[in-house]
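Thanks for coming. I will go through one model today, starting with its sheets and ending with its charged pairs. Please look at the sequence and the structure as they come up.

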Amino acid sequence: MIELHGNATYVTCLTCGKRYDRDEIQEQLRKTQKAPLCDTCSGFLKPATISFGQAMPVRETEEAYNRSSCSDLFIVIGSSLVVEPAASMPRIAKRSGAKLVIINRDPTPYDDRADIVIHGSAGPTMANILEKVRKGLMEGQ
Ligand SMILES: [Zn+2]
C-alpha cells in the first residue's frame, strides 16, 4: 500500500521529518495545553497527512507512477479523478496496457476510457464485489 496522502495515525516534524505516534502527541497536548514541538529539532509537529498546498511525498509518488506503468489491472475506487498527481495514474496504466476499472458514485473524466465503469458508492459496491468473489472461490470458479 502506498499512502500518497499520508496517514492520520502518526505525526511528523515539518522540519526534520521525525515521526511520532499521534496518540502520544495528543495526550501531551491534552496534558500541557501547548502544541508539542519536535524533541530533536524543535520543529512544528503536524498529523502526517498531506494538506492542500503541501508537496506530495516524492518517494511514494514515484513508486505509485512506477507501479501504475507496470500493472495489468488498475482499479479506481471512490475517486473523482480530478486532483493530480493521482488523477493521471489510470491514464499511465491504460497507456501501458492495463485494464481499467472505475468504481465511483459520480462520473469521472476517465469513464469513456475505462473497460468497466460502475457508478455506485465505494463501500457497498466493494462489499457486493467481494461477496461475489468469495462465492466464486467457494464454488471453485
Ligand atoms: Zn524535528
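Which residue in E6 does Val-101 stand opposite? Val-101 stands opposite Ile-116.

Some housekeeping before the rest. The model is predicted, so to speak about local features I need pLDDT of at least 70, side-chain atom pairs count only at pLDDT 80 or more, and totals for chains, interfaces and linings use all residues. Residues are numbered from 1 along each chain as its sequence is written, and side-chain values use heavy atoms, with hydrogens and water left out.

Strands E4, E5 and E6 form an open sheet in the order E4-E5-E6, with parallel pairing. Strand E4, residues 73-77, and strand E6, residues 116-119, are the edges; each has a single partner strand, so one side of each has no neighbour in the sheet. On average, neighbouring strands here are turned by 5° against each other, direction ignored. Two strands count as paired if DSSP finds at least two bridges between them. Strand E5, residues 99-104, and E6 have four bridges, in the parallel sense.

Helix H4, residues 122-138, packs on this sheet and touches E4, E5 and E6, and its direction makes about 125° with that of E5. Contact means heavy atoms within 4.5 Å. For angles, axes are lines fitted to C-alpha atoms, for helices over the stretch in contact, and values run from 0 to 180 degrees between N-to-C directions.

Now the other sheet. Three strands form an open sheet in the order E2-E1-E3, and the pairing is antiparallel. E2, residues 19-21, and E3 stand at the edges with a single partner strand each, so one side of each is left without a neighbour in the sheet. The twist averages 45° from one strand to the next. Strand E1, residues 6-13, pairs with E2 over three bridges, and Val-11 has Tyr-20 in E2 as its bridge partner. Helix H1 lies across E1, E2 and E3, at about 75° to E2.

Buried is under 20%, exposed is over 50%, and partly exposed is in between, using a 1.4 Å probe and protein chains only. Leaving out residues up to four places away in sequence, Thr-12 touches, among others, Gly-17, Phe-44 and Ala-48.

Ser-68 sits in helix H2, residues 58-69, and is buried at 4%.

Last, the charged pairs. There are seven salt bridges, each a side-chain nitrogen of Lys or Arg within 4 Å of a carboxyl oxygen of Asp or Glu. One of them joins Arg-30 and Glu-27 at 2.7 Å, N to O. These two are three residues apart in helix H1, which means a separation of about one helical turn. Arg-30 is exposed at 53%, and Glu-27 is partly exposed at 33%. Another joins Glu-131 and Arg-134 at 3.9 Å; both lie in helix H4, about one turn apart. Arg-105 and Asp-106 also meet in a salt bridge, at 3.6 Å.
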